[in-house]
Amino acid sequence: MSASSIHDDQVEMVPTAFTHPPPADARSCTSSLRSTPRASSTLTGHSSRSSHRQAPAIPPQPDRGIPAWRFLFGCFLVETIIWGFPVSYGVLLDAYARLPVAETPGAGTLLPLVGTLSSGLMYLVSNFVFAALDRRPDMRVPCLWIGCVICAGSLGAASFATSAWELVLTQGVMYAIGGALVYYTTIIFLNEWFVERRGFANGVVFAGTALGGLFFPFVFDMLIQRYGVPTCLRILGVAVFVSLASVLPLVKPRLPYRRSQITTSTVVTAAIAAGRDPTLVETEVAEVEVPTIPQRDGTLKILSNLPVRSGTMWLFLIANFFQSLGYFIPALYIPTFARALGLSASNGTAALAAINAAAVVSRLLMGFLSDRISPHMLGGVTLLTSSLAILLLWGVASVNLVALISFSVAFGAVSGGWTSLWSANIKEIVAEDKPSSLALYGLLSTTRGLGNVLVAPISAALLQHPLHLHSAPDTGLGTDGGSFANVILFAGAMMLASAVLETAGMWVRRRQKVE
């Protein structure tokens with residue numbers, strides 16, 4: 001049915017409770033209501049207007065049905081496109097290092113920053129995007145398309161860059177702004193479509209990043225070898241626009257944008273047309289009028305919904321920050337590390353893709369398990385094993401292609417599912433409170449983004465101070481004269497610190513339950 005049957009805005013839904021049949025006593029009330037003169041005149045009035053305006057359609061249920069799965073598929077594809085590019089940046093970084101742009105001022109620090117900004121800044125602006133779209137909910141769907149154009153344009157503009165700073169501003173900052181507009185709009189809609197199965201839904205969506213990271217490195221490598229970096233970026237810009245434009249029609253809201261779009265008369269019409277109880281109108285209108293996040297609240301007001309006295313929340317946020325410091329280093333430097341081992345660019349691309357291939361499975365599995373097992377327990381175990389994988393498989397064993405691929409698979413499998421645990425942790429901390437849920441999600445994105453952005457300057461500084469290990473030259477730590485040793489040790493230490501904090505969060509949570 002046409003959305004214009006309610007208003008000119010794109011809304012096709014009425015309260016979700018109408019999807020359930022009324023109890024027996026409610027049916028009798030419905031019959032008596034229809035037999036009264038008032039009900040008769042109401043029906044007559046609605047019928048007289050039906051020739052030029054139909055009753056609103058019954059809304060799709062959350063968590064189930066073809067509309068929900070179609071939306072989830074659209075979100076998965078959006079995630080694949082938007083996040084697949086930043087997590088595959090290691091291939092472009094290796095290519096930039098062999099171009100004249102690597103000789104421009106500050107390139108040693110700025111070129112790694114391009115990749116971390118394109119994803120880190122996207123995380124950092126989450127709360128600002130949430131607040132802006134709360135104040136202007138009618139702009140949510142337009143923001144999808146605005147972000148699509150900005151993302152594609154950023155890659156096209158980057159193809160003309162002649163200095164590292166120009167790449168930072170285009171492929172880094174500009175891409176992140178466009179990506180944030182698209183991505184966080186879909187997250188708002190995701191919270192409307194999935195409630196009971198939100199952990200699973202987040203796992204499916206987040207797996208899109210890993211899938212993009214599996215596919216895009218090979219695309220980047222092929223295009224760079226065949227056409228060079230500038231033409232590669234132009235082709236990618238066109239591909240981003242075409243692919244997003246094809247997917248965005250699947251990403252639609254389930255709930256109305258604002259109160260004026262659903263009135264008592266339209267709800268009565270829909271209820272009677274479906275043979276359901278119109279006597280529950282007031283309750284159902286009240287339910288559907290609950291906004292996704294508080295109406296016309298700024299960023300600070302939204303953050304005020306957080307339980308600031310929750311020790312579990314703060315431990316999880318700090319653990320999330322440390323995890324991001326450790327997680328993004330392998331994805332950023334594995335192609336460069338492979339070249340230092342004497343391997344080809346294609347081998348480095350395969351190692352990076354192996355991380356993301358394993359992360360696809362990890363994110364789906366963690367999303368599924370987080371609805372059934374303590375997310376703190378899952379987090380503590382995976383973070384500890386991530387630290388061991390970095391220190392032992394990368395730091396000690398990675399001296400050839402087989403060992404490097406083995407590390408990539410192990411690291412992706414144990415660390416790739418971290419963000420799929422967010423939903424379960426949020427639910428544990430703030431229950432089903434929607435304003436607090438989105439505020440905490442935004443804060444998690446902010447802390448992860450901060451760690452992501454800081455990875456570039458920290459790792460660049462560490463690479464400039466090699467750790468000469470004369471006793472272990474034939475190890476990953478000793479590769480290229482120990483150039484990567486400090487970076488590997490730092491990443492492993494950050495994962496270990498995050499594991500300790502997540503375990504502490506589990507202990508605090510159990511203590512709170514006892515009290």
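Start by selecting α18 (422-430), the helix that gives the most to the lining of the largest cavity, with four residues. Helices here are DSSP runs of H or I with at least four residues, numbered from the N terminus. This is a predicted model, where local features need pLDDT of at least 70 and side-chain atom pairs count only at pLDDT 80 or more, while totals for chains, interfaces and linings use all residues. Residues are numbered from 1 along each chain as its sequence is written, and side-chain values use heavy atoms, with hydrogens and water left out.

A cavity is a set of points, on a 1 Å grid over the protein atoms alone, where a 1.4 Å probe fits but cannot get out; lining residues have an atom within 4 Å of a point.

Now zoom in on Asn 191, Arg 198, Asn 202, Ser 423 and Ile 426, which lie nearest the centre among the 15 lining residues. The space inside is about 160 Å³, a volume being what is filled by probe spheres set on the points, joined across faces, edges and corners. What classes make up the lining? Eight residues are nonpolar (Ala, Val, Leu, Ile, Met, Phe, Trp, Tyr, Cys, Pro), three charged (Asp, Glu, Lys, Arg) and four polar (the others, Gly among them).

Last stop: keep α9 and select α3 (residues 65-87). Their axes, lines fitted to C-alpha atoms over the stretch in contact, come within 6 Å and cross at roughly 40°.

Conventions: 1 Å grid on protein atoms, 1.4 Å probe; cavity = no way out; pocket = protein on both sides within 12 Å on 5 of 7 lines; lining within 4 Å. Helix = DSSP H or I, 4+ residues; strand = E, 2+ residues; numbered from the N terminus. Axes fitted to C-alpha atoms, helices over the stretch in contact; angles between N-to-C directions.
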